[in-house]
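Dear colleague,

I am passing on to you the structure discussed for your review. Please find the sequence and the coordinates below, followed by an account of what was found.

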Amino acid sequence: MAKQVVTTIFFVLFHCIISYWAFMSSCSIHSSTKTSIPEIARYFGTKGRYEEVNTYLIDDILAINSSLVTLPSSTCREIHLTAIIRHGTRFPTIKNIQKMRDFYDLVVRNATDNLSCLSEIKSRWKMWYKDEMDGRLVEKGREDHRHLAQRLIRWFPSLLTEGNVRQGRVKLITSSKHRCVNSTIAFREGLMTGLSIKEEVELEPAVSVNDALMRYFDKCDRFVKEVENNKSALEEVKRFSEGPEMKRVMEKMADRLKVPYPSVTYDSVEAAFYLCSYEFTILKVNSPWCQLFDEVDAQVMEYAGDLKQYWKRSYGHDINSKSSCILFHDLFYRLDQVVTQINSNVTISEAVTVQVGHAETLIPLLTLLDLFKDDVPLKSTNFATQQNRIFCSGRIVPYTANLLVVLYKCPEGIRMGVRLNEKSLTLPGLTDPVPMYEDVKKRYSDLLGGCDQETVCKMNYS
């Protein structure tokens, strides 16, 4: 009897397991653990994981890939690192949570059950995003920064040292936003763990809040008036959201959901895209929401996001990049100080400076440095010809994106290396990937001499 019961239980469990995997196979683009990443994850833009930019981290989150970095000769040594970092993975903002809720209600109320996985969305998936989450850092975001800190220790073992921590030569600066403050605290935790500094709270580097540097865009009157609060500044974005490519995405989604075309708006498809991306970046789940898009749809959604970043934060308007003059000057002032101290045989006061901000902090600065500039501007009408564009926000500023500026002391003088997301960059106009610092200053001499924050942010500046 007991054997019969055990046999019955076995077959019931076996049937449940087979049914579960069959269900998961029909509800996921990939059904195995090894391939659980949505096929459209590469198109998530600024809502994307750092691991999609550096895929080797999927197997080992503490790995460093030296093949992606160009170093000066072995006769040089590192003397300073400035790291400007975006906060880690976060919850959606309240504005997007509301869009997601509206779309979820539409699906539950009006969509049919014919689409594969729609039954799971309607019967099993619950709208768990709450207004109070409003852009706050998630645990994955804390892990992002802890792990980055430990990788930077491996990249720069002579700079991120216990001695430099103990002697106050590691500085931490952050935006006042909770997601940035908490990212900075997590970075510090990763630093202390990576250096095996335990139970010595008094040694932890202090976290300094500085919105003038890390949220400079809020304090630039001209940017706020001409771009941030000016709907016409994003006219290209609006045109694309109403254009044929986006219209086709909306129609395809309406067809999949079996709802009237007018009920699916641009906000609807954007919300669905967010549901797919946030489920993955926060929970590591290949969500059934992702099946509402094919690859072409995702490319259109990515381009819409890139257009917004281009016109609101990058090359679309001159003030976008100029608003970062204060951060640009802060960087070069610090580098100059290090060079002066080295030339004077004085101990360097800041071996490492870590500044944590936003995508909106990094993009204008990268633009000011003339990086990721396409020959043809991104517009609402050239989606088809911009498939190989350089300005691709998901590759530039995923969660935990980082700009690393390194100074080296070499026999011939001071050299400077630049990395974005742990990959070397060659600065525009310079052929040497690790140029002499003075050559970098000559390249940006106009900005060093004329990029004054107070002047460029005045409303009458031209």
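This is a predicted model: local features need pLDDT of at least 70, side-chain atom pairs count only at pLDDT 80 or more; totals for chains, interfaces and linings use all residues.

Disulfides

With sulfur atoms within 2.5 Å taken as the criterion, the count comes to four disulfides. When the bonded cysteines are counted along the chain, the pattern is 1-6, 2-8, 3-4, 5-7.

Cys-76 is joined to Cys-410, with an S to S distance of 2.0 Å. This link is right-handed, with 120 degrees about the S-S bond. Cys-76 sits in the loop between α1 (2–27) and β1 (77–86), and Cys-410 belongs to strand β5 (residues 402–410), so the pair ties together parts that are 334 residues apart in sequence. Cys-76 is buried, at a relative accessible area of 14%, and Cys-410 also counts as buried, at 6%.

A disulfide also joins Cys-220 to Cys-457, where the S to S distance is 2.1 Å. Its torsion about the S-S bond is about -105 degrees, so this disulfide is left-handed. Because Cys-220 lies in the loop between α7 (211–214) and α8 while Cys-457 lies in the segment after α19 (453–456), the pair ties together parts that are 237 residues apart in sequence. Cys-220 is buried at 0% relative accessibility, and Cys-457 is buried at 8%.

The sulfur atoms of Cys-276 and Cys-290 are 2.1 Å apart and form a disulfide. It is right-handed, with 95 degrees about the S-S bond. Cys-276 is in helix α11 and Cys-290 in the loop between α11 and α12, so the parts tied together are 14 residues apart in sequence. Cys-276 is buried at 0% relative accessibility, as is Cys-290 at 0%.

Cys-180 takes part in no disulfide, and the nearest cysteine sulfur, that of Cys-220, is 19 Å away. Cys-180 is buried, with 0% relative accessibility. For Cys-392, the closest cysteine sulfur is that of Cys-276, at 16 Å, which is too far for a bond. Cys-392 counts as buried at 12% relative accessibility.

Helices

Helix α2 (residues 94–110) has 17 residues and should therefore span 24 Å at 1.5 Å a residue; its end C-alpha atoms are 24 Å apart, in agreement. The buried residues of α2 are Asn-96, Ile-97, Lys-99, Met-100, Phe-103, Tyr-104, Leu-106 and Val-107. Their cover includes α3 (118–123), α10 (244–257) and α11.

Helix α8 (residues 221–228) packs with helix α12 (residues 295–313) at an angle of about 140 degrees, and their axes are 10 Å apart. The two helices are therefore oblique to each other. In this contact, Phe-223, Val-227 and Glu-228 of α8 meet Trp-311, Lys-312 and Arg-313 of α12. The contact residues divide into three nonpolar, no polar and three charged.

A buried threonine

Where does Thr-281 lie? It is found in helix α11 (residues 266–283). Thr-281 is buried, at a relative accessible area of 0%. Leaving aside neighbours within four places in sequence, Thr-281 is in contact with Lys-47, Gly-48, Arg-49, Thr-89, Lys-140 and Tyr-399.

With kind regards

How values were computed: Residues are numbered from 1 along each chain as its sequence is written. Side-chain values use heavy atoms; hydrogens and water are left out. Helices (H or I, at least four residues) and strands (E, at least two) are DSSP runs, numbered from the N terminus. Buried means under 20% relative accessible area, exposed over 50%, partly exposed in between (1.4 Å probe, protein chains only). Contact means heavy atoms within 4.5 Å. Axes are lines fitted to C-alpha atoms, for helices over the stretch in contact, and angles run from 0 to 180 degrees between N-to-C directions. Angles under 35 degrees count as roughly parallel, over 145 as roughly antiparallel, 65 to 115 as roughly perpendicular and the rest as oblique. Ala, Val, Leu, Ile, Met, Phe, Trp, Tyr, Cys and Pro count as nonpolar, Asp, Glu, Lys and Arg as charged, and the others, Gly among them, as polar. The expected span of a helix is 1.5 Å times one less than its number of residues.
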